[in-house]
Amino acid sequence: MKKLLAVLVAWSFPLQGSQDLGLALKRATYLLVGEFPSEAAFQNATNVENYHAEVRRLFDHPGFYEMLLRYHELKFGVGLPLDYMEELLRTDIDQKQNKFAQIICGLDQSSDLQCRWASEDHKSNRNSCPTHWQVPVNVFWYPGVQAWVCPSLAQSCGQDLSRCFISFEDRDLAINSELGTTQAFDSEFAVIKSLSKQPAGIATAVVIANYPYTKILEPGLTAVDGAIAHFMRQKHHFDLDRVKVSDELSEVVNNIALTDTQFHLIHTGPDSHQAGVLSAFGWLRRYEKNRTRANQLYERLLCRKFTAELPRVFPQDPGNLRETPGCAACHKVLDPLADFYRQWGEGGQLYGQRPDGVDASFSGHQGTNLTDLANIIRGENAFATCSVQNAWQWLMGREFHRVEADLRTAFTSYFVQTDYSFRELLFAIATHPAFLESQRVDGAVADPLSDPPLGEAPGGGDLPECGTVDYATDIEPQITMCSGCHNSTSPARQGLTSLVTESEWRAAGAAAVAIMNSGQMPPGQAGPPRIGPVYDFKEAVRCWIGD
Amino acid sequence: MKWNLATGLAALLTLTTCGPIEDPRTFVDTQAVATEQETSAEVIGYSLGSKARGEDSQALATVRAIMPGIPPATVRPDPDLYARLVLQRFRPNGATLARVLGSLQEYRLLLGGANDDFTRVPQSSFDATSLLAALTISRIVCRSLVNPNQEFDDWQSILPQPPEEVSGNLRFLASRLLGVPAATVADSKIAELQALLASDGTITREHYIVPCTALLIDAEANLL
């Protein structure tokens, strides 16, 4: 069958062996850094080795960050309208939101920057003090530029105005300005844009620093840029507890320059409610319902879709969707997956009380919180395969064809082998012979590969068959790999699940296997275990719990 | 808990004495060592552990050996970034650039751009509407590039030679706007562009707006 497909494909696509390095370089450069190659780059890339070197150089180009951020923004589909800002305003100051210290800035006729209280806007377009009382302040969003303000405003907003929220009269100008390059700045737009992009910012910063791509789901990991730092420094205006900004994080953001347009990784340590991208405000607020969150991660991180034919007659009260015929096919997977999100409220209730732990499950693994979910996903080969598919689609402009199954497997294996280096994955695709072809085909793929299956260990391949495993003989002697930290008496326990007794291993063994599969634990792993004591231990636990 | 050096060190000591395997969560007290400008550290706070690996030539050769032989598909540049990326090739960030981009905002959705929450994703192909929007945007962009007036503050024309040096200017525009080496721009292409100059006498920079627009909407520039 495979051979027949290969023949059909060879017949359908007019190519074979006609490489065009210049064309490939143009495509790689545009997609990866948003420019066209220079004359020098074209002249250099006349053989494959030099072409590889030119592609490698792109990863150090400043445009790579921007294009990668955009890639992740699109892949995660995260974006929020401006009015989401309002729900974060503190209402505990006399229960009145109009206490909010907002100022309006604009350019006067001589292009001098002037700022005034927003509350005075309805009275007139002028400041509340005479012109000769006004004082110059250095605005935080454009170092070196001064604004003229009344003394009361300078006193309240600080000598750089960073303690107030800024509106700019020319909104279009502000929206299109790069922070730190013009006098125009709009706090609301800048902050909501950055909060929306935060999940993409986490993933982008992980790739830029060349950490394993699995870290995008790291508990306690977030990313902050100048605009979010500006927001987080205004505790007096915003209820930061609502977006789960810990004291530790608040302290750290003081070190982020307010004009910094790039996201910086901040790791505040383990937190079972967190899972990197999956618990970022931009993700939780964009996907408001737990089922939606589950559905979106299933599709965007695992490249799988819930598809089923609806019942011919839809029941008026379908009851338990996990059991109702016609609904159960999807909901028996979707709903337990959505349960991982029960620690977070839905929609406007996002900020409500969080239960400590819930019973949730996915892909045969039980769990109680988002950290467990993150570890299950990272332990799935489907996560690696999906990352490959997404990167492939970005650079190749199309999905994998069915005859490219081996290629997808090979890329996935290489991705896992490089310990999930997304940069190396991009390099591998942008230098693959298929990418160098001079021909172009239509983006529509009539015979796409099937969704990546669940239940496979990273790197692919079937799991080895299990022999007889005994807890006392095969597992207990090895548990010190985990129980050093995962014990209820350790001062460093910090909410970690205890893994000391047989019953504890029985309860949490599946999650432990998932996290060992992903190469995250025990500490010191350089990628998913393939051989050696950690691999043997992981396999023993897997077989013992009967996975 | 106040995050300071003392608690940081305490955390570090606690963690490194925990278990037989070294815990990678090494605490970095940024408060003690960083100022606002010093945010170059890749991770602030606890360590993220080991980096991913670099290139594995041998394994990569195996991947490259698998070649089912299907070429890439044509890719349309992201409509949301299109105008910004063209302009940024020639113009610095600043108020003028922001103002030009602001003036193009109203065409973004027509061009096929995404909406706020990505319920509408960027269009991956052209239709009549997006092509017309691209034409309009290209004219504005081209004016700002080849013959900027006082609207564009102190921007200068990107044409490298005086306007009457038609061939050299057109070759430059074709090379930079199509993203191809100057030497590979065919003479026939230059002749076609020259026909678009449509001048009955003296050639000015204004005359280059039409061929520039034609280049920006050329398939070679828009289908990678």
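Modeller: One definition is needed at the outset: two strands count as paired if DSSP finds at least two bridges between them. Please also bear in mind that this is a predicted model.

Biologist: How many bridges join strand 2 of chain A to strand 4 of chain A?

Modeller: Strand 2 covers residues 113-117 and strand 4 covers residues 146-149 of chain A, and the two run parallel. Pairing requires at least two bridges. The number that joins these strands is two.

Biologist: Which strands of chain A are the edge strands of the five-stranded open sheet?

Modeller: The sheet has mixed pairing and the strand order 3-4-2-1-5 in chain A. Each edge strand pairs on one side only, and these are strand 3 (135-138) and strand 5 (165-168) of chain A.

Biologist: What does the twist average from one strand to the next?

Modeller: The sheet in question is the open one of five strands in chain A, ordered 3-4-2-1-5. From one strand to the next, its twist averages 35°.

Biologist: What span is expected for helix 5 of chain A at 1.5 Å a residue?

Modeller: Helix 5 (residues 62-76) of chain A has 15 residues. The expected span is 1.5 Å times one less than the number of residues. From first C-alpha to last the helix reaches 22 Å, close to the expected 21 Å.

Biologist: Why is helix 5 of chain A described as largely enclosed by the rest of the structure?

Modeller: A residue is buried when its relative accessible area is under 20%. Among the buried residues of this helix are Phe64(A), Met67(A), Arg70(A), Glu73(A) and Phe76(A). The helix is largely enclosed because the buried residues number eleven of the 15.

Biologist: Which residue just after helix 5 of chain A takes a positive phi?

Modeller: Helix 5 of chain A spans residues 62-76. The phi just after the helix is about 65°, and the residue is Gly77(A).

Biologist: Which helices are included in what covers the buried residues of helix 9 of chain B?

Modeller: Six of the eight residues of helix 9 (residues 209-216) of chain B are buried, so this helix is largely enclosed. The buried residues include Ile209(B), Cys212(B) and Leu216(B). Their cover includes helix 4, helix 6, helix 7, helix 8 and helix 10 of chain B.

Note on methods
Residues numbered from 1 in each chain as written. Chains lettered and ligands numbered in written order. Predicted model: local features only at pLDDT ≥ 70, side-chain atom pairs only at ≥ 80, totals over all residues. Heavy atoms only, no water. Buried < 20%, exposed > 50% of the residue type's maximum accessible area, 1.4 Å probe, protein only. Helix = DSSP H or I, 4+ residues; strand = E, 2+ residues; numbered from the N terminus. Contact = heavy atoms within 4.5 Å. Axes fitted to C-alpha atoms, helices over the stretch in contact; angles between N-to-C directions.
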